[in-house]
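Here is a short briefing to read alongside the structure. Keep the viewer open and follow along, topic by topic.

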Amino acid sequence: MSLFRLDASVFPARSASRELADLVEAEWVAAHPDSSVTRRDIAADPVPATAWVDAVTGGMTPEADRSPGQREALTLARTFADEMIDADALLFAVPLYNYGVSQHFKSWFDVAYTDPRIDPQGTALNGKPATLVTVLGGNYAPGTPKEGWDHSTGWLRRVLQDVWGLDLRVVQRPFTLVGVNPALDAFADTAAELREQAEAGARRSGREIAEAHRARVA
């Protein structure tokens, strides 16, 4: 029994995404006390910038002709894929940065995606229970002044749910910069409500992926 957890926050000491992921993990572990947790912190240990190109070109190069960089990148891709394939459930904690996808997550995904076991034709992840925790400094919900500026959550849902076929739940907490950015002070009450909702959703999601795994193996 195992949970794979990936964190992408570059601010671990005050990370809202990690706090929510902790709640998801706690519920999983409470339901499966003997479970191990495989962790990958892609902010503390970022994927090399050249790894994706090396993995792609290495996959098109005969093994005997591959460069050391290509071999290393292909090994990294297999490692990333193995960590998810070997896990019973998956947890991704990925903040929105500058209105888009975290560069650390995009680099990790691109390399992992070169492993043929988890491409759309041969994905070994289909139906595996998963939670995406994502946090937003502002609020980009319908009707807000910056509606549509969140260019991360939709992409993350697309690649995790539609490309890899995960049985995905999404927990989102907006307004994490309230209390940090004085321009957002007027939204303190709303931010507090959204935080409570996100924390409740994280706990619920942790229970749900635990139950989904039980149902999957029953």
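Which residues of helix 2 are buried? In this predicted model, they are Ala 51, Asp 54, Ala 55 and Gly 58, within a helix that covers residues 51-59.

**Helix 2**
- Looking down the axis of helix 2, you will find its buried residues within an arc of 100°, so they line one face of the helix.
- As background, an α-helix has 3.6 residues a turn, so residues three or four places apart point the same way.
- The packing partners of the buried residues of helix 2 are helix 3 (68-85) and helix 4 (103-112).

**Domain record**
- UniProt, in an unreviewed entry, places a "Flavodoxin-like fold" domain at residues 1-195.
- That span is 37% helix and 16% strand, and its end C-alpha atoms are 30 Å apart.

**Nonpolar cores**
- The largest nonpolar core contains 30 residues, and those with the most contacts inside it are Met 84, Phe 92, Phe 105, Trp 108, Leu 160 and Trp 164.
- Two or more residues of this core come from each of strand 1 (2-7), helix 3, strand 3 (89-93), helix 4, strand 4 (129-135) and helix 5 (153-163).
- Helix 4 provides the largest share of this core, with five residues.
- Beyond its neighbours up to four places away in sequence, Phe 92 touches a list of residues including Phe 4, Leu 6, Met 84, Phe 105, Trp 108, Leu 160 and Leu 166.
- Another core, of 16 residues, lies apart from the largest one, and its members include Val 24, Ala 93, Val 133 and Val 135.
- In general, nonpolar side chains in soluble globular proteins tend to be buried together.

**Ser 17**
- Ser 17 sits in helix 1 (residues 16-31).
- Is Ser 17 buried or exposed? Ser 17 has a relative accessible area of 1%, so it counts as buried.
- Its side chain makes a polar contact of 3.1 Å with the side chain of Ser 15.
- Setting aside neighbours within four places in sequence, Ser 17 contacts Ser 9, Ala 93, Pro 95, Val 133 and Val 135.

**Leu 177**
- Look for Leu 177 in the loop between strand 5 (167-173) and helix 6 (188-217).
- With 35% relative accessibility, Leu 177 is partly exposed.
- Leu 177 and Ala 16 are 161 residues apart in sequence, while their C-alpha atoms are 9.9 Å apart in space.

Notes: Residues numbered from 1 in each chain as written. Predicted model: local features only at pLDDT ≥ 70, side-chain atom pairs only at ≥ 80, totals over all residues. Heavy atoms only, no water. UniProt positions renumbered as here; feature names shortened; annotations may be inferred. Helix = DSSP H or I, 4+ residues; strand = E, 2+ residues; numbered from the N terminus. Buried < 20%, exposed > 50% of the residue type's maximum accessible area, 1.4 Å probe, protein only. Arc of directions from axis to C-beta. Contact = heavy atoms within 4.5 Å. Core = buried A, V, L, I, M, F, W, Y, C linked by side-chain atoms within 4.5 Å. Polar contact = N/O pair within 3.5 Å; in protein donor to acceptor, adjacent residues only side chain to side chain.
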